[in-house]
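Reader: Could you help me learn to read the features of a protein model? I would like to hear the general idea each time, and then the case at hand.

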Amino acid sequence: MKAVAFIFARGGSKGLPGKNVRLLDGKPLIAWSIEHARAVKRIERVIVSTDSQEIANVARQFGAEVPFIRPKEFALDDSPEWIAWQHALNYLKEKEEVFPEVILSVPATAPLRSVIDLNNCLDEYEKGNIDVVITVTEALRSPYFNMVKKNADGTVDLVIQPSNTLTRRQDAPKVYDMATVAYVLRTEFVMKHHSIFDGRVRAVHV
């Protein structure tokens, strides 16, 4: 299987302006994701989707392609990244007549991932009969045991009521936090849907 890796990096972060080109251990933040993706043999291309010419210039310096600048309307603070995924795939299909089977999204905000993590995600996808592979870590809290929600009358209840009374966290079903290490997505699924959990999803523990 050959995949295309995408790194989606907006230039307009309000939390930490210019974060994607800020130096981390001597390299721009986005450079780490580019280098991770380029080290995966199954990746045919590494493409950066950005609305920032500065990010585009840095991305090219570290070996990524930037075949387009993302339109501003797809790079707003409240723009779902799914729209950016669809825009990138539409560009490849319409402008280059290329439509990969699968994409690997490699967020710039996870520079501590390893290349092994990316390969593990692709391995999981290659098992077949799946639309999306996400990454997860073990959660410190559980909606079955120590997470509560407020009711309209001011009382609180567990987020999920277990079928039997639980006295130990270890007895609750194991739950995980989603991580932003990587996403593997079947391209046809991305184009027809708007949410990861619209499809069949498996997870890789990182």
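Author: Here is a walk through the chain as a whole, then its charged pairs, rings and cores. Please keep in mind that this is a predicted model.

Reader: Let us begin with the whole chain. How many helices and strands are there?

Author: The chain has five helices and ten strands. Its C-alpha atoms fill a box of roughly 55 × 40 × 35 Å along the principal axes. Of the 206 residues, 44% are buried. The accessible surface is about 11300 Å², and carbon and sulfur atoms account for 50% of that area.

Reader: What share of the contacts between residues at least 6 apart in sequence joins residues at least 24 apart?

Author: That share is 69%. We will meet some individual pairs of this kind as we go on.

Reader: Now the charges, please. How many salt bridges does a search of the whole structure find?

Author: The general idea is that side chains of opposite charge can pair when their charged atoms come close. In this structure the search finds ten salt bridges. One of them joins Arg 10 and Asp 77, whose closest N and O atoms are 3.3 Å apart. This pair links distant parts of the chain, 67 residues apart: Arg 10 is in the loop between β1 and β2, and Asp 77 is in the loop between α2 and α3.

Reader: Which residue does Glu 126 meet in a salt bridge?

Author: Glu 126 meets Arg 42, with 3.0 Å from N to O. Because Glu 126 lies in helix α4 and Arg 42 in the loop between α1 and β4, the pair ties together parts that are 84 residues apart in sequence. The two ends have their own labels: Glu 126 is partly exposed at 39% relative accessibility, whereas Arg 42 is buried at 16%. There is also a network of salt bridges here, linking Arg 42, Asp 123 and Glu 126.

Reader: Glu 124 has a salt bridge too. What is its partner, and how far apart are the closest N and O atoms?

Author: The partner is Lys 127, and the closest N and O atoms are 3.0 Å apart. Glu 124 has a relative accessible area of 14%, so it is buried. Lys 127 reaches 60% and therefore counts as exposed.

Reader: Let us turn to the rings. How do I read an aromatic pair?

Author: Look at two things: the distance between the ring centres and the angle between the ring planes. An angle over 60 degrees makes a pair edge-to-face. The structure holds six aromatic pairs. In one, the rings of Trp 82 and Phe 189 have centres 5.9 Å apart and planes at 75°, so this pair is edge-to-face. Trp 82 is in helix α3 and Phe 189 in helix α5, so the pair ties together parts 107 residues apart in sequence. Trp 82 is buried at 8% relative accessibility, and Phe 189 is buried at 2%.

Author: Trp 85 and Tyr 183 form a tilted pair, with 6.0 Å centre to centre and 55° between the planes. This pair also links distant parts of the chain, with Trp 85 in helix α3 and Tyr 183 in strand β9, 98 residues apart. Trp 85 is buried at 4%, as is Tyr 183 at 11%.

Reader: Which residues do the ring pairs link into a cluster?

Author: The cluster consists of Phe 6, Phe 8, Trp 82, Trp 85, Tyr 183 and Phe 189.

Reader: Where do the charged ends of Lys 27 and Lys 93 sit?

Author: Each sits over a ring. For Lys 27 the ring is that of Trp 32, with its centre 3.8 Å away. For Lys 93 it is the ring of Phe 99, with its centre 5.0 Å away.

Reader: Finally, which residues touch the most other members of the largest nonpolar core?

Author: That core has 33 residues, and the ones touching the most other members are Ile 7, Ile 30, Ile 34, Ile 43, Val 46, Val 48 and Val 184. At least two residues of this core come from each of β1, α1, β4, α2, β5, α4 and β9. Another core, of 21 residues, lies apart from it and has Val 4, Tyr 91, Ile 103 and Leu 185 among its members.

Definitions and conventions: Residues numbered from 1 in each chain as written. Predicted model: local features only at pLDDT ≥ 70, side-chain atom pairs only at ≥ 80, totals over all residues. Heavy atoms only, no water. Salt bridge = Lys/Arg side-chain N within 4 Å of Asp/Glu carboxyl O. Helix = DSSP H or I, 4+ residues; strand = E, 2+ residues; numbered from the N terminus. Buried < 20%, exposed > 50% of the residue type's maximum accessible area, 1.4 Å probe, protein only. Phe/Tyr/Trp six-rings, centres within 6.5 Å; stacked < 30°, edge-to-face > 60°. Lys NZ or Arg CZ within 6 Å of the ring centre and 35° of its normal. Core = buried A, V, L, I, M, F, W, Y, C linked by side-chain atoms within 4.5 Å. Contact = heavy atoms within 4.5 Å. Areas by Shrake-Rupley, 256 points an atom, 1.4 Å probe, with all protein chains shown as cover.
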